[in-house]
Amino acid sequence: MTAPALDFPPFRLPPDAEALRTEIRAFLKETLPTIKGGDRYKTWSSRSPEFSQKMGARGWIGVTWPKKYGGGEKSFLHRYVITEELLANGAPAGSHWVADRQSGPNILRFGTDEMKDSILPRIVKGECYFAIGMSEPDSGSDLASVRTRADKVDGGWLVNGTKIWTSGAHRAHYVITLLRTSGTREDKHRGLSQMVIDLASPGITIRPIINLNGKHDWNEVVFRDCFVPDTMLLGNEGDGWMQVTSELAYERSGPERFLTNVHVLKELAKLVGRQPGRQAQETVGKLVARLWSLRQMSLSVAGMLEAGKSPVTEGAATKDLGTHFQQDLPEIARILAESDAADADDIADFLDMCQMATLEAPAYSIQGGTTQILRGIIARGLGLR
């Protein structure tokens, strides 16, 4: 019997997808200088409703979705190109990011007709934004231990409990929320359901959580007898765990797993490229080689997904290696910039950039699955456990 192995078959994007890249680059070159607000280079965590609406007007949100909801019915590979260009150019795409990447696809798969008709066209236009309501206080990474409950009442559900680390909830219109609708915490994966909750509903309080650099992105969302209509239940009652694991799959192996702080590498190359010494050439060369390898792995996974395959192990490996690349990059860049590779007068702003990237780097270990969980998936996929 052949032992399980990682398989990353070479893959190239089709010509029509590469043609789309040219259009997007022209759009970004024209549009980005006109966008006010939002921090450049934070990309999918930096929000600009104005930018999202311009993306929507070009048909580049929900690009794979059915035309009946305003989508483009393009391939997953077209969306890959769009994502890659947004990240590489530091576009402030955070307003529509979650809705486009995972909330919209979840609604397409599990939502009611009323939900699809009322919400999806607004997402496509760049006018409707989502947050993710999974984590809870004192639960760590154990999503199945949720205590927030939804109890059945006439015409819907009453929700009570608290979600935490809810990114962008104070700017979002809806939150897809994992709830316990039956059973107890001891049942773990049973009795969990997901609902699409309007964040303007009575009974919701959104409290800011300020991070270490003084920014407000995370929130604590408290539900007190918040009524949610039956039409906002995703799929069937009790299907929540299956949906959550499916939703997390949208987060792995995409370009955001190796391009989130690529601006640091680009600026490093400019900084040391004027008179590159041997150390600078070798260091930048190694970083570029790691980046290119990750892109080829990610492209391979994209090709397998497009072909209808399920590259779970390969996706986990890509995310794990991408996490370590993005966490290593700011420190390597800082050390090189502070060596003789660059003039002292040139590096002040660059070091500030590295400092910000370093502050954000620990979060990469959690987004899309913790390192420990991913390595467990890889070990299981390779028959090691």
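How many of the seven residues of strand S5 (residues 192-198) are buried? Six of them are buried, so strand S5 is largely enclosed by the rest of the structure; here buried means under 20% relative accessible area, computed with a 1.4 Å probe and protein chains only. This is a predicted model, in which local features need pLDDT of at least 70 and side-chain atom pairs count only at pLDDT 80 or more, while totals for chains, interfaces and linings use all residues. Residues are numbered from 1 along each chain as its sequence is written, and side-chain values use heavy atoms, with hydrogens and water left out.

**Overall form**
- The chain holds 12 helices and eight strands, where helices (H or I, at least four residues) and strands (E, at least two) are DSSP runs numbered from the N terminus.
- Of the 385 residues in the chain, 51% are buried.
- Among contacts with a separation of 6 or more, 74% are between residues 24 or more positions apart, a contact being heavy atoms within 4.5 Å.
- Taken along the principal axes, the box filled by the C-alpha atoms is roughly 70 × 60 × 45 Å.

**Partners of strand S5**
- Strand S4 (residues 174-180) and S5 run antiparallel and are joined by seven bridges; two strands pair if DSSP finds at least two bridges between them.
- Within this pairing, methionine 195 in S5 stands opposite threonine 177.
- Strand S8 (residues 233-234) also runs antiparallel to S5, with two bridges between them, and leucine 234 in S8 is the bridge partner of glutamine 194.

Technical notes
Buried means under 20% relative accessible area, exposed over 50%, partly exposed in between (1.4 Å probe, protein chains only).
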